[in-house]
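Hi,

Here is the structure I promised to pass on.

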Amino acid sequence: MRPLRALKRRKLSVAKGRKGGSRLRIIGGEWRSRQLPFVEVPGLRPTPDRVRETLFNWLQGDIVNARCLDLFAGSGAIAFEALSRRAAEVVLVEKHARAAQQLRDNLQLLEGQGESRAKVVNLDAMKYLQQSPEPFDLIFLDPPYRKGFLPLVLDQITDQGLLTDRGLIYLEHESEESFDWLDWNLEIKKQSKAGQVSGFLLEPGTT
């Protein structure tokens, strides 16, 4: 019988490349099955394949031609998936310089020398929001856990009107946390749980 630990390793969405680096896999769309390296930095955790598959099944009627923001881009797993599935534009915000450069390198690998549909911003997430960018159709939020970022980010998004009228927010947080989304006039459209992480797809409320 194969050891349980070995079985768990096989289920991870990131794999060690031939040279020992960590890699992620795009699971659908134009770049399906492409593998990309990512920088291992503290707190960076690519969204697992199973979670991304569920998310983009939820978004299949909303992703095409959408303007998207991946605010804590990290490995870029969600942003690359959105681009692969024909999002019109994706802004990737990542404050770690090495991780941001790897995102740029991966975009070049995927898009070649053509016109890019994505922009990497090497900046702190809160500072980026304070610049009052144009509203987005989809906003992805996976902030570092246990730092208290999520309410602050939602405050900024709400106060500055950074979500379009029919826009959606997908966010993840540790399962022991609990929020009243109505505080930001948001309602749950879909939700899921994977291990110790809860995921929510939120839409603007009716009020």
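Asp-183 is exposed, with a relative accessible area of 59% (exposed means over 50%, buried under 20%, partly exposed in between, using a 1.4 Å probe and protein chains only). You'll find Asp-183 in the loop between strand S8 (163–174) and strand S9 (186–194); helices (H or I, at least four residues) and strands (E, at least two) are DSSP runs, numbered from the N terminus.

Before going on: this is a predicted model, where local features need pLDDT of at least 70, side-chain atom pairs count only at pLDDT 80 or more, and totals for chains, interfaces and linings use all residues. Residues are numbered from 1 along each chain as its sequence is written, and side-chain values use heavy atoms, leaving out hydrogens and water.

Now helix H2 (residues 49–58): Asp-49, Val-51, Arg-52, Leu-55, Phe-56 and Trp-58 are buried there. Their cover includes strand S2 (22–25), helix H3 (77–84), strand S7 (136–141), S8, S9 and strand S10 (197–204). Overall, the chain has 6 helices and 10 strands, and buried residues make up 47% of its 207 residues. Of the contacts (heavy atoms within 4.5 Å) between residues at least 6 apart in sequence, 62% join residues at least 24 apart.

Arg-86 sits in the loop between H3 and strand S5 (89–93) and is exposed at 56% relative accessible area. Ser-132, also not a glycine, has a positive phi of about 55°. Ser-132 lies in the loop between helix H5 (125–129) and S7, and is partly exposed at 46%.

Cheers
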